[in-house]
Amino acid sequence: MGTVLSIEAPGEVCLVEEKLPGIPEGGFMLATTHSGVSAGTELTYVKGTNPYLSSTWDPALGLFSEGTPSIAYPVRGIGYMQVGLVVETRTRAVSEGALVAMCYGHRTAYVADPMADRFVELPEDLDPMLGVYVAHMGPICANGLLHAAHDLHGPAVQRLGDGVRGRRVAVVGAGVVGLLTACFAMACDAAEVVVVDETPARLAIAAALGANVLAAAVDPDAEADAEADAEADGDPAVDLKRRWRHGRDDRGADVVFQCRGQTRALALGLRMLRPQGTLVDLAFYTQGAQEVRLGEEFHHNGLTLRCAQIGRVPRGLAHSWDRERLSHETIALLRRYGTRLREHVITDVVGFAEAPRFLSDLAARRRQTVQAVLSDHVEEEGG
């Protein structure tokens, strides 16, 4: 038997037991050591705002439409940042005692089939807790950089940093996606990386990781956020365009990575771009986009908006830039920034038994986090 996190209805989260299937020939069993929480995507199920809960998704047409929701409560097995210890194996693909990164939701145990499940064995020199980024979250951010590279070089992309190397980069949003994306850009030798956010505590984390930072003013009409109390001295777009000059009447960021699921953040990101610049959007919006004014900077500066969703890499790059390569790039980043990420980005480690209350508190804004990890695993000192 194992335990799985279950969202029974909006605001109702609990743990339930589930019977594990037998290990198939060629499969293996995992005991979860770490399970990272996405405080964005996962909370849309707790809040009831995820579009799959209210619409029918047609994968063939790529459209949401009215009809029977594609996902109904109870929602079980959400989560895509798991690290597990192989406790039993019936395959030579992975050995007992190995640590692997996978996406199988918040569960204490899982039976994997290598023919159906993707897994990445973690190297021995990597902190297991950082392994939560290897299978999916890191590739999400790496895919954002890949889209910037494709925007500049098309299918001739050779290295992940081809779109940011030597260029001025702005990152809007200092959540996990924004922070990891900023680290990727810095590791790929961007000329300068500036992270923009409304929250002083998150800007402090970005600065500790090595990025420059700018505070964005809080929208007084936006939903109250106890953490979002930054006082911006001015408009970040004006500040950046005064600082980043490319030529006469050509100022601003070469590329902006928009990593916050708020339309005012998207509007700000477009304003920070130089003429004919590109915004790569990694955010997940669950509401309308009335604050995005397409008749102003977007139109008059000839800007480009690209969505970098992990379901696909840029056209023409699927053969050379598959998910495995993006995971490899993530491991390289974690080797370089791992100590700082562990110290500054992973803000909460919560036992599985505490997970229901923790997610409920996050959804109700009774608690704040940057990166939370569910774990009953006792770390060795210095591990």
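Which side chain does the side chain of Glu192 join in a polar contact? I found that a polar contact of 2.3 Å joins it to the side chain of Arg243, where a polar contact is a pair of N or O atoms within 3.5 Å, one able to donate a hydrogen and the other to accept it, and residues adjacent in sequence count only if both atoms are side-chain atoms.

I noted that this is a predicted model, in which local features need pLDDT of at least 70 and side-chain atom pairs count only at pLDDT 80 or more, while totals for chains, interfaces and linings use all residues. Residues are numbered from 1 along each chain as its sequence is written, and side-chain values use heavy atoms, leaving out hydrogens and water.

I placed Glu192 in strand S12, residues 192-197, strands being DSSP runs of E with at least two residues and helices runs of H or I with at least four, numbered from the N terminus. Glu192 counts as buried because its relative accessibility is 14%, and buried means under 20% relative accessible area with a 1.4 Å probe, protein chains only. Leaving aside residues up to four places away in sequence, I listed among its contacts Arg167, Asn212 and Trp244, contact meaning heavy atoms within 4.5 Å.

Of the contacts with a separation of 6 or more, 66% come from residues 24 or more positions apart. The C-alpha trace spans about 65 × 50 × 40 Å along its principal axes.

Conventions. Buried means under 20% relative accessible area, exposed over 50%, partly exposed in between (1.4 Å probe, protein chains only).
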